[in-house]
Amino acid sequence: MTKLISDFLDISKIEAGKFEFSDERFDLDALIEDVLVDFRNRGFKIVKRGEVPSFIEGDGMRIMQVLVNLISNAIEYSSIKKHVIVSSSGNNDYAIVNIRDFGEGIKKTDQKNIFEPFYQVKNGSIANPGLGLGLYISKEIIERHGGIIGVKSALGKGSTFTFTLPYKLSNIKSKSYQSFI
């Protein structure tokens, strides 16, 4: 219930143009590890690979919100004993994070709409208790940081959600989704 209320508040802020962010310097890999410790303590097998070569400027708490949402979704839809792989890397301008699950996957027709508010994928036997807000909010957070978010998925093989973040907000450059995903 708390998650639903929080998501509705975020949607209201987005629509009102009052979705606020702090601007701080943070270690993305340390943030990822903090999130993973919490999930591992609850018994989930999550593997972390790679590292980001630099600090990020932005709102670490909002990026944590994205990580929690994407990892929670990956766990929910993963069919191999809740096994998820989180990898991070970077190039000269951007940090890149991938969250991979081994679940049912997402149909191509759903992939183009998955980041829209209230959109829910209806796959197989998994009943989704959410309202279809998490990916929309995650997209808003990433894009407002100057990054991009996307998904690659194949039915029966799982999904990989990828997002990028510029190291510095002043280094934001226009990149296509295909550059990273």
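Residues are numbered from 1 along each chain as its sequence is written, and side-chain values use heavy atoms, with hydrogens and water left out. As the model is predicted, local features need pLDDT of at least 70 and side-chain atom pairs count only at pLDDT 80 or more, while totals for chains, interfaces and linings use all residues.

We may start with the overall layout. The protein chain holds 5 helices and 7 strands, taken as DSSP runs (H or I of at least four residues for helices, E of at least two for strands) and numbered from the N terminus. Read from the N terminus on, the elements follow the order α-β-α-β-β-α-β-β-α-α-β-β. Of the 181 residues in the protein chain, 46% are buried, where buried means under 20% relative accessible area, exposed over 50%, and partly exposed in between (1.4 Å probe, protein chains only). Contacts are heavy atoms within 4.5 Å. Among contacts between residues at least 6 apart in sequence, 70% join residues at least 24 apart.

Next comes the sheet. An open sheet of 5 strands has the order E2-E4-E5-E7-E6 and mixed pairing, two strands being paired if DSSP finds at least two bridges between them. E2 and E6 are the edge strands, each pairing on one side only. On average, neighbouring strands of this sheet are turned by 15° against each other, direction ignored. Helix H3 packs on the sheet and touches E2, E4, E5, E6 and E7, with its direction at about 25° to that of E5. Helix H5 also packs on the sheet, touching E6 and E7, and its direction makes about 25° with that of E7. For these angles, axes are lines fitted to C-alpha atoms, for helices over the stretch in contact, and angles run from 0 to 180 degrees between N-to-C directions.

Strand E4 deserves a paragraph of its own. Because 6 of its 8 residues are buried, E4 is largely enclosed by the rest of the structure. E4 runs parallel to strand E2 (residues 45-50), with 6 bridges joining the two. Along this pairing, Lys45 stands opposite His83 in E4, and Arg49 has Ser87 in E4 as its bridge partner. E4 and E5 run antiparallel and are joined by 7 bridges; here the bridge partner of Ile85 is Arg100 in E5. E4 and E5 form a hairpin with 3 residues between them.

The largest nonpolar core has 38 residues, and Leu28, Ile63, Leu67, Ile71, Val86, Ile99 and Phe163 touch the most other members. Such a core is a set of buried Ala, Val, Leu, Ile, Met, Phe, Trp, Tyr and Cys residues joined through side-chain atoms within 4.5 Å. Two or more residues each come from helix H2 (28-41), helix H3 (60-77), strand E4 (83-90), strand E5 (94-101), H5, strand E6 (149-154) and strand E7 (158-166). H3 gives the most, with 7 residues. Leaving aside residues up to four places away in sequence, Leu28 touches Val52, Ile56, Ile63, Ala95, Val97 and Leu165.

Helix H5 (residues 134-144) is mostly covered, with 9 of its 11 residues buried; among them are Leu135, Tyr136, Ile137, Lys139 and Glu140. Just after H5, Gly146 takes a positive phi of about 90°.

Two local features complete the picture. Gly105 is found in the loop between E5 and helix H4 (108-111) and is buried, with a relative accessible area of 7%. The C-alpha atoms of Gly105 and Ser159 are separated by 5.3 Å, although the two residues lie 54 residues apart along the chain. As for aromatic rings, 2 pairs are counted, under a rule by which rings of Phe, Tyr and Trp (its six-membered ring) pair if their centres lie within 6.5 Å; planes under 30 degrees apart count as stacked, over 60 as edge-to-face and the rest as tilted. Phe115 and Phe161 form an edge-to-face pair, 6.1 Å centre to centre and with 80° between the planes. This pair links distant parts of the chain, 46 residues apart, with Phe115 in the loop between H4 and H5 and Phe161 in strand E7. Phe115 counts as buried at 9% relative accessibility, and Phe161 counts as buried at 8%.
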